[in-house]
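User: I would like to learn how to read a ligand site and the strands around it. Please take me through the features one at a time.

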Amino acid sequence: MTKVAVDLGTTATGEPAEMDLEELLSTRLLVQGNSGSGKSHLFRRVLEQSAGWVQQAIIDPEGDFVSFSERFGHVVVEADRTPSELGRIAARIRQHRASVVLNLEGLDAEVQMSCAAAFLNGLFDADRHYWFPMLIAVDEAQIFAPSMAGEVADEARRISLGAMTNLMCRGRKRGLAGMIATQRLAKLAKNVAAEASNFLMGRTFLDIDMARAADLLGLDRRQAERFRDLEPGHFVALGPALSRRPIPIRIGPVETAGRSGRPVLMALPEASPEAMADLIFTAGADEPDTLPAPVRREPLPTRELLERVAANRAGAAPAPQRLEEEAEPDPEAEAERQAVVDAIFADLMADPEAAFRPVQMLYQDFVTHCRLKRVGDGGLDMAGFRRRLALARAGVGAAAEDENWMEVVRRSEELPEDMQGVYLLLAKAARDAAPCPSDEVLARAYGSHSPSRGRFLLTYMAERGYIAAETDFRGNRVVSIAGSDWRTGAGTSGKRTPGTTPRMRRA
Ligand SMILES: Nc1ncnc2c1ncn2[C@@H]1O[C@H](COP(=O)(O)OP(=O)(O)OP(=O)(O)O)[C@@H](O)[C@H]1O
Ligand SMILES: [Mg+2]
């Protein structure tokens, strides 16, 4: 059997430096080096050279490897998926042996961790029929397997560390070969680092990292000193897939381009202070005047519900839902049934106290009435009911046809269910440029009497980038909806008490 050699570059004596790919698959690889030492470049070289030989999954915190899709046909998996979706996608990746890039660019560290964990666990848990060999590259591995508790929540850390431990410690039997890189060995969980038998050590400055590297490589401290003087792109290689003794190698060039480069000094622009002031205080022509859309997390089917309501009003046959027992649903009977359900719902909403009753009680009422009218549970489960209620409380019945509105609805689905109505209420006011709803109105849409609850909701949504709430100098509130150019008119928040009218309102 011929061995598949990955061409890394050259040795000190000018010979080709090679890595045995099959050996690598069972013995894993750890790369360490300070920022700028050339780890990502090395990763790119290894992945480019082996792309034709082995299935790959690249966990990509910086979106650096997205270009692999053009050059090598990797499928880019974006993070706009729920954990369970990502797990299922991972299972299909193993089944169909697709090479992929998991793009985690622009996400908070904690979200990156959860996302990578869901994905890795999906690969790990794949059916044993699909345990084909697969190279899993994790750059910046200290993000996913940190040695110490840091700023991120313990839960995210525990899950992510578990997934990385599985990958490195128990992955081999399942065909998964981890290849990980880190700037600082001391920041990487020990058990994760310890499972790699192949090392490529790049320039390292800190004693603590040097000591850990020396331990792993079985060198004494004095020998490890040489890591200090390594140039970028130069690494010391050791391990069954590389060399039985530590040898210096130089990583060769790469074909694809990442986005990171070395910083290069550039001449500063020559502009007068006035011209510069003008440039930074006025919006450029190419500047979007809207907030960026927040990162999507939880796609859910409110849209379907809206479409259904809309279709129903338009007199079209609604999509049958939860009607498995009826083999061939009769469109006419179904429309009739839907009309009955709509009427029950409208009755329920007509009660002024309805807005303040807990959703569980309202749902019970709803189902009771549905049963009495012999329409089962009205085709709505608790979650469906909750969403319909949110829409009703926001007063947005069937404005579903509009594309922009559908986009807003889609985004509302990422929020906790009981907040969706509040968001939609704001969006509706913003779309119509109507005055911003007061705290009381917002609280009411949430099912609460308390105005402070209304303010809390605004803060919650603003902090997560769904809206921007600003106060004008008269103390009036204006809310903009992220991802659109919708903006409410000025509305009193309701917070101001008589006698505290802002001073600037002079006659
Ligand atoms: N072997 C090499 N040949 C040519 N250029 C290289 C080589 N290795 C690294 N470089 C260049 O050096 C710069 C830094 O390399 P790279 O981004 O790989 O560093 P890094 O170790 O990943 O740093 P960080 O930890 O900050 O991500 C890049 O511009 C890269 O193109
Ligand atoms: Mg890097």
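This is a predicted model: local features need pLDDT of at least 70, side-chain atom pairs count only at pLDDT 80 or more; totals for chains, interfaces and linings use all residues.

User: How far does a polar side-chain atom of Ser-35 lie from an oxygen atom of ligand 1?

Analyst: A polar contact is a pair of N or O atoms within 3.5 Å; within protein, one must be able to donate a hydrogen and the other to accept it, and residues adjacent in sequence count only if both atoms are side-chain atoms. For Ser-35 and ligand 1 the distance is 2.5 Å. In the side chain of Lys-39, an N or O atom is 2.6 Å from an oxygen atom of ligand 1. A polar backbone atom of Ile-251 is 2.9 Å from a nitrogen atom of the ligand.

User: How many residues surround ligand 1, and how do they divide by type?

Analyst: A residue is near a molecule if one of its heavy atoms lies within 4 Å of it. Here 15 residues surround ligand 1, and Ser-35, Lys-39, Ser-40, His-41 and Gln-183 are the closest. The shell holds 1 nonpolar, 11 polar and 3 charged residues (Ala, Val, Leu, Ile, Met, Phe, Trp, Tyr, Cys and Pro count as nonpolar, Asp, Glu, Lys and Arg as charged, the others, Gly among them, as polar). Helix 2 (residues 39-50) gives the largest share of the shell, 3 residues.

User: Which strands pair with strand 1 in the antiparallel sense?

Analyst: Helices (H or I, at least four residues) and strands (E, at least two) are DSSP runs, numbered from the N terminus, and two strands pair if DSSP finds at least two bridges between them. Strand 1 (residues 5-11) pairs with strand 2 (residues 16-20) over 5 bridges, and Val-6 has Met-19 as its bridge partner. These two strands form a hairpin with 4 residues between them, where Gly-14 in the turn has a positive phi of about 85°. Strand 1 also pairs with strand 11 (residues 243-251), over 3 bridges, and there Thr-10 stands opposite Arg-250.

Technical notes: Residues are numbered from 1 along each chain as its sequence is written. Chains are lettered from A and ligands numbered from 1 in the order in which they are written. Side-chain values use heavy atoms; hydrogens and water are left out.
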